[in-house]
Amino acid sequence: MTALVAMKDIEKSFPGVRALHNAQLDLRAGEVHALMGENGAGKSTMMKILAGIYRRDGGEILLDGKPVEINSPRQAQDLGIGIIHQELNLMPHLTAAQNMFIGREPRKAAGLLLDEARLNADAAEIFASMHLKLDPRTLIDGLTIARQQMVEIAKALSYRSRVLIMDEPTAALNDAEINELFAIIARLKAEGVGIVYISHKMDELKRIADRVTVMRDGEYIGTVPAADTPVEKIISMMVGRALTEERPDLPDHANSDVVLKVKNLNRGAAIRNVGFSVRKGEILGFAGLMGAGRTEVARAIFGADRRDSGDIFMHGRKVDIRMPQDAVRAGIGYLSEDRKHFGLATGMDVRNNVVLASLRRFAGPGGLLREAAMHDAASRYIDQLAIKTPSDRQEVRLLSGGNQQKIVIAKWLLRDCEVLIFDEPTRGIDVGAKNEIYKLLNALARQGRAIIVISSELPEVLRLSHRIAVMCEGRLTGILPGGASQEEIMHLATLRGEGANQNNQPAKGDAK
Amino acid sequence: MSATASTGIVSMGSKFSGAHRLLAFASLIALILVFSLASPNFMQTSNIIAILQATSVNGVLAIAATLVIITGGIDLSVGTLMTFCAVIAGVVLTFWGMPLGFGVLAAILAGAASGTLSGTFVAKLKIPPFIATLGMMLILKGLSLVISGTRPIYFNGTPGFTQISQGSLIGSVFPALPIPNGVLILFLVAIATSFILERTILGRFTFALGSNEEAVRLSGVNTDRWKIAVYALAGSICGIAGLLISSRLNSAQPALGQGYELDAIAAVVIGGTSLSGGRGTIIGTLIGALIISVLANGLRILSVAQEWQTVVTGSIIILAVYTDILRRRRL
């Protein structure tokens with residue numbers, strides 16, 4: 001059987017880095033082929049070469065057994081290769097149909113006018129083939145991320161794509177949306193479309209992938225059938241060694257001091273009367289579906305967003321937090337889920353990012369910065385957290401996701417925060433580095449810090465948390481002990497409606 | 001340790017705009033070569049001093065603009081602020097008859113006050129920098145005319161005033177080097193600002209704000225205050241420019257000023273500072289300002305009509321930014 005696409009011995013270098021060496025991939029028609037590897041393994045580079053975004057330095061690409069040159073995204077489209085990027089490329093103020101056919105709109109009146117009716121009809125036809133109920137005239141702005149993704153897929157299909165590349169398509173989707181996506185993938189498969197699927201989530205692969213190709217350090221490691229290869233085997237192929245799953249030890253914190261206490265927190269419909277407390281040395285996990293309001297709670301506590309009402313206490317004393325600087329002064333640090341936008345100045349070097357929250361401490365008379373002391377501080381954390389960087393002058397954007405996350409952690413450790421709120425601490429971080437982050441969080445808790453971990457991955461919550469707070473639709477629906485089962489958490493995470501307010505403190509309806 | 005301390009000064013901006021700055025510097029040298037081959041008058045000491053003198057005002061304004069642009073903002077008010085500060089100096093020295101030092105101080109303080117106001121509009125009221133400084137540009141232009149009664153204010157009562165720009169401290173020590181004070185002040189402002197940008201906490205936050213303001217805010221930094229401080233510093237530098245230009249003309253000309261901001265921004269851009277913020281250097285801006293005045297001077301010596309000079313300057317801006325884009329694309 002000829003492969004639909006065969007990429008052979010692909011080579012690619014960027015200035016100073018060899019990104020791909022002897023990389024291979026063969027994709028059959030009608031299969032979902034998962035491409036796996038740690039961050040920096042070369043998956044995205046490989047797919048960008050297939051999609052015509054990068055040019056390869058060596059090797060060959062065969063389409064239906066015939067060698068092809070793909071030098072631009074346009075050429076890739078003409079050959080029937082579509083890519084759905086992790087970050088969607090849609091114009092929010094145009095409709096779904098307008099987005100799909102941008103640049104090749106049907107015309108009428110000798111090409112002078114746009115044929116809006118045809119446009120919408122064409123789009124509707126593609127939606128129908130996907131069994132997607134969506135009005136082509138809806139503005140992208142008003143769609144959920146999941147729906148926007150569907151529009152991207154429809155757009156790719158409108159080019160009669162036979163090859164579809166999906167880069168972490170479920171990163172921003174909730175379970176129901178993931179099911180819908182997978183249903184569409186199944187239909188595409190049945191029609192003979194070959195799908196390359198990049199993801200970090202192991203459970204997804206088991207559900208939809210037929211075969212898995214693993215890459216490491218820009219090289220091809222192997223291709224295995226998805227169904228009968230144990231997850232451990234795939235992980236060890238990815239990291240080059242076997243990982244042992246650690247069970248969390250569940251220390252009893254009942255007698256430790258309460259460090260942070262939050263009471264009757266409210267913010268519009270996003271946060272409704274949330275209250276909880278975290279003790280010294282404790283890791284409190286926050287579970288819930290996408291949009292449950294966990295990030296909103298974190299940002300409100302931190303002063304990043306305004307809150308309608310609610311009191312925050314540190315060591316029993318009420319603190320007035322209106323801006324992030326108030327929170328930091330009180331000893332609370334927040335590590336955003338979106339490091340690139342909210343956590344790091346990626347154009348600056350490691351040193352300056354590590355000291356960013358403590359820069360005043362390094363300023364002498366006249367505001368003169370003591371670079372030597374900054375270097376010492378940065379180097380100390382580079383050693384302590386095993387941050388992989390050539391030096392503390394390396395620009396942060398050139399480092400991997402795991403190392404970037406460690407830099408954000410270093411920033412807050414240097415600031416000496418007692419309470420650390422981690423929002424999706426391992427998002428976009430590969431398996432090996434995840435383990436390191438977990439160990440780090442445990443170590444921080446043992447040192448006596450109070451830690452809050454927000455995570456959408458249940459295994460992560462279960463693995464880390466000493467107690468688990470579950471939210472649904474802006475409410476705290478319950479707090480479970482660390483050993484809770486996934487079913488218990490899911491039950492609380494889907495507990496909708498007014499009657500669901502089962503806080504560990506009496507609910508007050510008149511909090512405002 | 002000494003190695004890291006010494007790399008400190010070439011931190012943030014240089015790594016990125018280094019290549020661009022080299023290119024800008026090479027273009028400057030090339031221009032000088034071409035003009036000196038084309039005309040024997042070009043390399044005369046008197047002409048070189050004229051070029052430097054002509055650069056001093058735009059150079060100082062461009063340094064002010066560089067600060068704001070590195071934060072990711074833009075300052076359209078530098079030109080009319082310069083005039084406003086000159087008028088304030090005129091009020092203090094000529095109308096009130098106070099000693100020279102008070103006039104200098106008043107001009108710089110007026111600049112700082114106006115910068116603080118612009119900075120407050122941008123940081124606190126969240127008005128986009130383009131609009132806030134556009135408003136300030138017009139406000140200051142009007143105020144200069146109102147305060148001066150639309151007439152130039154002459155500094156005949158303050159004999160030392162012309163010395164600020166036209167005297168030559170260096171020349172009085174080394175008669176062979178009659179470099180005017182205006183040029184000396186330009187270089188002193190450049191060195192001081194460069195030092196602030198590369199070595200102090202204010203400078204570091206200037207880059208950090210331009211690099212990712214939200215990340216800085218979420219690090220618990222009072223970003224509003226630092227941003228206002230940057231605008232205030234830029235404003236006080238405009239005050240210095242006001243002193244330079246009025247000293248050279250021995251008068252504060254209230255109708256002058258508008259249009260200077262574009263030359264200043266042009267110098268910043270040619271010098272490799274990114275308009276999207278986070279990167280830039282003072283030395284680059286200085287080279288950019290020199291390129292503009294060398295062009296103007298050289299074309300004049302070659303008797304090219306003045307109308308054409310702006311055409312050339314405009315083309316240079318587009319070329320400079322395009323080469324930067326080309327270089328970046330290769331990365």
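With 512 residues, chain A would have a radius of gyration near 24 Å if it were a compact globule, and its value of 25 Å agrees with that; the radius is taken over C-alpha atoms, and the globule rule is 2.2 Å times the number of residues to the power 0.38. For the 331 residues of chain B the same rule gives a value near 20 Å, and chain B has 20 Å, which agrees. This is a predicted model, in which local features need pLDDT of at least 70 and side-chain atom pairs count only at pLDDT 80 or more, while totals for chains, interfaces and linings use all residues. Residues are numbered from 1 along each chain as its sequence is written, and chains are lettered from A, with ligands numbered from 1, in the order in which they are written.

**Confidence**
- The predictor gives the complex an ipTM of 0.82 and a pTM of 0.77.
- Chain B has a mean pLDDT of 89, with 92% of its residues at 70 or more; pLDDT is the predictor's confidence in each residue, from 0 to 100.
- Over residues 1-17 of chain B, pLDDT stays under 50, although the model has 27 contacts beyond four places in sequence for this stretch, where a contact means that the C-beta atoms of two residues, placed from the backbone, lie within 7 Å.
- Where pLDDT is low, the predicted coordinates should not be read in detail.

**Overall build of the two chains**
- Chain A has 17 helices and 22 strands, whereas the secondary structure of chain B comes to 14 helices and two strands; helices (H or I, at least four residues) and strands (E, at least two) are DSSP runs, numbered from the N terminus.
- The C-alpha atoms of chain A fill a box of roughly 70 × 55 × 55 Å along the principal axes, and the C-alpha trace of chain B spans about 55 × 50 × 45 Å along its own.
- Buried residues make up 46% of the 512 residues of chain A and 54% of the 331 residues in chain B; a residue is buried if 20 or more other C-beta atoms, placed from the backbone, lie within 10 Å of its own, exposed if 12 or fewer do, and partly exposed in between.
- Among contacts with a separation of 6 or more, residues 24 or more positions apart account for 67% in chain A, and residues at least 24 apart account for 78% in chain B.

**Domains of chain A**
- The domain assignment of chain A gives domain 1 (5-239), domain 2 (244-331 + 417-512) and domain 3 (344-415), with bounds that come from an automatic or database assignment.
- The centres of domain 2 and domain 3 of chain A, taken over C-alpha atoms, are separated by 27 Å, and the contact takes 11 residues from domain 2 and eight residues from domain 3.
- On the domain 2 side of that contact, helix H15 (residues 431-446) of chain A gives the most, with four residues.

**Where the chains meet**
- In the complex, 27 residues of chain B are in contact with 32 residues of chain A.
- Helix H1 (2-8) and helix H10 (201-217) of chain B each supply at least two residues of the side that touches chain A, and the largest share, 11 residues, comes from H10(B).
- By class, this side of chain B has 12 nonpolar, 10 polar and five charged residues, where Ala, Val, Leu, Ile, Met, Phe, Trp, Tyr, Cys and Pro count as nonpolar, Asp, Glu, Lys and Arg as charged, and the others, Gly among them, as polar.

**Buried parts**
- Of the 180 residues in the largest nonpolar core, Val60(B) and Leu61(B) touch the most other members; such a core is a set of buried Ala, Val, Leu, Ile, Met, Phe, Trp, Tyr and Cys residues joined through C-beta atoms within 7 Å.
- Helix H11 (residues 223-249) of chain B gives the most to this core, with 15 residues.
- Beyond its neighbours within four places in sequence, Leu61(B) is in contact with residues including Val78(B), Met82(B), Cys238(B) and Tyr260(B).
- Helix H1 (residues 43-50) of chain A has eight of its eight residues buried, so this helix is largely enclosed by the rest of the structure.

**Positive phi in loops**
- Most residues other than glycine have a negative phi.
- Asp416(A), which is not a glycine, has a positive phi of about 65 degrees and lies in the loop between helix H14 (401-414) and strand E19 (419-423) of chain A.
- Ser303(B), also not a glycine, has a positive phi of about 60 degrees and is found in the loop between helix H13 (282-301) and helix H14 (306-330) of chain B.
- Asp416(A) counts as exposed because it has 12 C-beta neighbours inside 10 Å, and Ser303(B) counts as exposed with 7.
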